[in-house]
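Hi,

Here is the structure I promised to pass on to you.

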Amino acid sequence: MKVSYFPGCTLKNKAKDLDLYAYKSAEALGITLEEIENWQCCGGVFTTAKNEIATKLSSVRALKEAFVKEQPLVTVCSACHNVIKQTNYTMQNDKEFADKANRYMNEENGCFGEAQVYHYLEMLRDLVGFDTLKEKVVNPLSSKKIAPYYGCLLLRPNSVMKMDDPENPTIMEDFIKALGASPVIFAKRNECCGGYVSVESPELAKKNSIGVVQNAKANGADMIITACPLCKYNLEKNGADIPVVYITEILAEALGVKEDTNE
């Protein structure tokens with residue numbers, strides 16, 4: 001199966017290994033990631049101002065390309081996913097915005113929110129299936145107690161993201177179980193790490209990050225996994241004393257393809 005792939009800026013610059021893990025893991029599961037041609041930064045945050053069109057055009061172009069190719073659009077960064085999925089929803093439900101966006105791009109037959117958008121985790125759950133993933137695991141992570149950290153962007157706003165219950169999600173826990181590990185439920189798993197205020201208020205960012213890590217540890221975790229590069233950076237920067245691992249890295253390890261990333 002082929003899918004259109006939007007990697008995002010971080011995985012193409014500071015975290016190239018995590019991007020390669022995404023490719024290798026998808027390949028092992030029978031999925032080919034076809035990178036969107038000439039993609040640009042998603043903008044990093046979805047601007048809610050109705051007259052702000054320009055910062056969303058990168059997402060509109062990516063959505064249009066995936067739709068034309070009749071492929072689902074897969075993202076691996078929760079920030080990119082949030083921006084692209086919200087843009088797709090706005091194109092579906094706000095005709096004035098959609099008309100303006102398509103005029104910006106000089107598109108007579110433009111994009112109107114027809115694309116299907118999946119986060120990499122949704123791809124694993126809905127297109128591959130966690131049962132199939134479990135069968136493909138060659139290195140079960142049976143000794144690991146892993147805390148799934150959702151952060152604030154992956155599940156919200158629920159009316160648009162529609163990935164899981166924003167208060168009591170299970171998608172990352174089910175992912176962990178498929179890899180053979182034990183998920184650790186902790187209270188701060190859907191709370192913000194403070195990444196977006198790390199420049200304006202580094203003290204608050206540090207307080208939030210430490211709170212997340214300590215809460216995970218207090219519930220028995222020996223590792224945290226995340227689907228957000230900013231969360232991973234922020235937790236590590238602020239002194240996480242247990243490993244903070246990106247979902248594609250832990251997946252590659254379980255599938256036995258992690259060593260191939262040095263090719």
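This is a predicted model: local features need pLDDT of at least 70, side-chain atom pairs count only at pLDDT 80 or more; totals for chains, interfaces and linings use all residues.

Four strands form an open sheet in the order S6-S5-S7-S8, and their pairing is parallel. Strand S6 (182-183) and S8 lie at the edges, each pairing on one side only. Strand S5 (residues 145-149) runs parallel to its partner, strand S7 (residues 223-226), and four bridges link the two. If you want a spot to start from, take Ile146, whose bridge partner in S7 is Met223. Helix H10 packs on this sheet and touches S5, S7 and S8, with a direction at about 165° to that of S8.

**Two helices.** Helix H3 (residues 78-93) packs against helix H4 (residues 95-104) at an angle of about 110°, and their axes are 6 Å apart. The two are therefore roughly perpendicular to each other. On the H3 side, the contact is made by Thr90, Met91 and Asn93; on the H4 side, by Lys95, Phe97, Ala98, Ala101 and Asn102. Sorted by class, that contact has four nonpolar, three polar and one charged residues.

Asp241 sits in the loop between helix H10 (229-237) and strand S8 (244-246). Leaving out residues up to four places away in sequence, Asp241 touches Val213, Gln214 and Lys217. With Lys217 there is also a side-chain polar contact of 2.7 Å.

Enjoy exploring!

Technical notes: Residues are numbered from 1 along each chain as its sequence is written. Side-chain values use heavy atoms; hydrogens and water are left out. Axes are lines fitted to C-alpha atoms, for helices over the stretch in contact, and angles run from 0 to 180 degrees between N-to-C directions. Angles under 35 degrees count as roughly parallel, over 145 as roughly antiparallel, 65 to 115 as roughly perpendicular and the rest as oblique. Contact means heavy atoms within 4.5 Å. Ala, Val, Leu, Ile, Met, Phe, Trp, Tyr, Cys and Pro count as nonpolar, Asp, Glu, Lys and Arg as charged, and the others, Gly among them, as polar. A polar contact is a pair of N or O atoms within 3.5 Å; within protein, one must be able to donate a hydrogen and the other to accept it, and residues adjacent in sequence count only if both atoms are side-chain atoms. Two strands pair if DSSP finds at least two bridges between them.
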